[in-house]
Amino acid sequence: MSKLKIINKHVERYKNHKLTSPGKAWPFDVRDALICINNHLFDHNYSVKTMRDLCNLSDTNFSSRFRHYVGMTPREYITFHRVQSGMMLFRNKKLKNVRVSEIGFTVGYENPSSFTMTFKRFTGLSPKEWKRVQMQ
């Protein structure tokens with residue numbers, strides 16, 4: 001199986017099994033925002049601002065309400081799932097020769113240094129260091 005197929009399969013599996021599903025009793029704006037984020041999570045230009053624009057959200061308390069139902073703010077949710085997905089890709093032994101920048105691009109970071117900084121802030125290690133520790 002090609003590395004592209006492995007990566008695409010991983011992304012689909014991650015989207016289908018790791019993302020939060022909205023609760024039936026949640027407010028419509030939170031449900032819509034979560035669905036929108038889940039659908040666009042790995043898009044390179046997707047951000048909280050994009051989500052707010054797509055969902056017509058201007059409420060300043062929205063992030064607090066989102067956190068109440070989801071457990072984290074929209075920005076934290078996006079970052080968490082992008083980094084977690086990257087970590088899962090790094091663990092895949094079939095992808096051991098894939099560059100960090102390719103993984104970063106796959107999980108939604110157009111700029112490799114943004115991915116590296118975010119990953120390090122989240123895990124305490126750079127992607128290369130984290131990958132090396134995982135492969136031991």
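Helices here are DSSP runs of H or I at least four residues long, numbered from the N terminus. On that basis the predicted model holds eight helices and zero strands, and reading along the sequence gives the pattern α-α-α-α-α-α-α-α. The radius of gyration comes out at 16 Å, close to the 14 Å that the globule rule gives for 136 residues, so the protein is as compact as a globular protein of that length. Along its principal axes, the C-alpha trace spans about 45 × 30 × 25 Å. Buried residues account for 40% of the 136 residues. Of the contacts with a separation of 6 or more, 60% are between residues 24 or more positions apart.

Now to the inside of the protein. In soluble globular proteins, nonpolar side chains tend to be buried together. In this model the largest nonpolar core has 37 residues, and the members that touch the most other members are I37, M51, F66, V70, Y77 and F115. Each of α1, α2, α3, α4, α5, α6 and α7 puts in at least two residues, with the largest share, six residues, coming from α5. V70 makes a handy example: leaving aside residues up to four places away in sequence, V70 touches T20, W26, V30, L34 and Y77. Of these partners, Y77 is itself on the list of core members with the most contacts to other members.

Helix α7 also deserves a look. It runs over residues 112–123, and its 12 residues reach 16 Å from the first C-alpha to the last, close to the 16 Å expected at 1.5 Å a residue. After α7 comes G124, with a positive phi near 90 degrees.

That leaves the charged pairs. Side chains of opposite charge can pair when their charged atoms come close, and the structure holds three salt bridges. One of them joins E102 to K3, with the closest N and O atoms 2.9 Å apart. E102 sits in helix α6 and K3 in helix α1 (residues 3–17), so this pair ties together parts 99 residues apart in sequence. Both ends are partly exposed, E102 with a relative accessible area of 21% and K3 with 40%.

Another salt bridge links R65 and D29, whose closest N and O atoms are 2.0 Å apart. With R65 in helix α4 (residues 62–70) and D29 in helix α2 (residues 28–40), the pair ties together parts 36 residues apart in sequence. R65 counts as partly exposed, at 25% relative accessibility.

D53 is partly exposed, with a relative accessible area of 47%, while K49 counts as exposed at 56%.

Conventions:
Residues numbered from 1 in each chain as written. Predicted model: local features only at pLDDT ≥ 70, side-chain atom pairs only at ≥ 80, totals over all residues. Heavy atoms only, no water. Expected span 1.5 Å × (residues − 1). Salt bridge = Lys/Arg side-chain N within 4 Å of Asp/Glu carboxyl O. Buried < 20%, exposed > 50% of the residue type's maximum accessible area, 1.4 Å probe, protein only. Core = buried A, V, L, I, M, F, W, Y, C linked by side-chain atoms within 4.5 Å. Contact = heavy atoms within 4.5 Å. Rg over C-alpha atoms; globule rule 2.2 N^0.38 Å.
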